Amino acid sequence: MRKKRRKKHSVRKIVIRLFSALLCLLFVACVCFGMKGCRMYQRAITEKSIHERVEEIRDMDGFTSYPDLPQFYINATISAEDHRFENHFGIDLIAIGRAALTDIKEKAFVQGGSTITQQLAKNMLFTQEKKLERKAAEVFAALELEVQYTKEEIFELYANTVYFGNGYYGIYQAAMGYFGKEPSELTDYECVMLAGIPNAPSVYSLDQELALQRVKQVLRSMIRNKIITQEEADRIALEGK
């Protein structure tokens with residue numbers, strides 16, 4: 001009996017030591033990539049400040065202000081991309097944790113866990129290349145954006161910079177390019193379509209069948225987040241047929 005207890009105790013100690021070692025490695029990795037990300041962020045704002053970049057976006061042709069964005073587009077985008085947008089401080093720890101577990105399981109960058117604020121930071125300051133230090137740099141930029149701008153301003157800037165495929169950047173180009181109308185004139189179905197495309201613009205902008213599947217995904221997210229009912233979703237889905 002004593003030998004069995006000693007053996008169990010020994011195994012427990014080994015497991016605890018391994019777990020502690022893994023935690024230490026994870027902490028070191030976080031510090032390392034955090035420092036690299038901080039330097040990347042500092043380089044970006046040294047070249048051009050966030051304020052200067054924001055003013056450049058607002059001076060673009062076709063810039064669409066928040067009041068001119070269809071409310072249904074806003075609701076659909078937040079539901080599909082970042083349903084805790086109104087409540088987080090630029091980063092969503094729950095989404096990051098879930099994405100990290102998925103990426104580890106798939107052994108690839110399958111999910112990013114990026115908030116709308118982080119996506120704006122990426123579009124404004126960094127390249128689209130998937131690197132851990134860039135993800136860390138996004139966090140610093142997102143926190144700064146949340147301090148300097150309101151949620152409405154952040155969403156407005158995001159909508160005017162996000163890529164919709166087919167060479168269309170921003171909601172104005174996308175609305176005119178895909179539907180031949182200004183953003184304020186979009187139907188509910190068109191709003192849902194545009195809310196879904198940025199998830200994978202090179203795919204959904206070229207494949208009509210996949211785009212329709214993405215519309216259904218966005219509608220399901222809106223039902224799940226209690227923005228619309230199943231009956232409303234069914235009505236909107238019929239517009240695309």
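**Asking how we know**

Q: Why is Asp-188 called partly exposed?
A: Asp-188 has a relative accessibility of 25%. Buried means under 20% relative accessible area, exposed means over 50%, and partly exposed is what falls in between (1.4 Å probe, protein chains only). At 25%, Asp-188 falls in between, so it counts as partly exposed.

One thing to keep in mind: this is a predicted model, so local features need pLDDT of at least 70 and side-chain atom pairs count only at pLDDT 80 or more, while totals for chains, interfaces and linings use all residues. Residues are numbered from 1 along each chain as its sequence is written, and side-chain values use heavy atoms, with hydrogens and water left out.

Q: Which label does Arg-235 get, buried, partly exposed or exposed?
A: Its relative accessibility is 41%, so Arg-235 counts as partly exposed.

Q: How do you know that Arg-235 and Glu-239 form a salt bridge too?
A: Their side chains meet at 3.4 Å, N to O, and that is within the cut-off, so they qualify. These two residues are four places apart in helix H12, which means about one helical turn separates them. In general, an α-helix has 3.6 residues a turn, so residues three or four places apart point the same way. Glu-239 is partly exposed, with a relative accessible area of 37%.

Q: What about Lys-181 and Glu-190: are they buried or exposed?
A: Lys-181 is buried, and Glu-190 is as well. Their side chains also meet in a salt bridge, at 3.2 Å from N to O. How many salt bridges does a search of the whole structure find? It finds ten. Elsewhere, Glu-55, Arg-58 and Glu-153 are linked in a network of them.

Q: How do you know that the buried residues of H8 lie on the same side of the helix?
A: In H8 (residues 170-179), the buried residues are Gly-170, Ile-171, Ala-174 and Ala-175. Their arc around the axis is only 165 degrees, which puts them on the same side of H8. The arc is that of the directions from the helix axis to the C-beta atoms. Their cover includes helix H3 (71-81), helix H7 (151-159) and helix H9 (188-196).

Q: Why is Thr-77 called buried?
A: Its relative accessibility is 1%, and that is under the 20% limit, so Thr-77 counts as buried. Thr-77 is in helix H3. Leaving out residues up to four places away in sequence, Thr-77 touches Asp-82, Ile-116, Phe-155, Tyr-158 and Ala-195 (contact means heavy atoms within 4.5 Å).

Q: What makes a set of residues a nonpolar core?
A: The members are buried Ala, Val, Leu, Ile, Met, Phe, Trp, Tyr and Cys residues, joined through side-chain atoms within 4.5 Å. The largest one here has 51 residues, and Tyr-73, Phe-155, Val-192 and Leu-194 touch the most other members. H9 gives the most to this core, with six residues.

Q: Why is Val-218 called buried?
A: Val-218 has 1% relative accessibility, so it lands under 20% and is buried. This residue is found in helix H11 (residues 208-224). Apart from neighbours within four places in sequence, Val-218 is in contact with Ala-76, Ala-80, Val-192 and Gly-196.

Definitions and conventions:
Salt bridge = Lys/Arg side-chain N within 4 Å of Asp/Glu carboxyl O.
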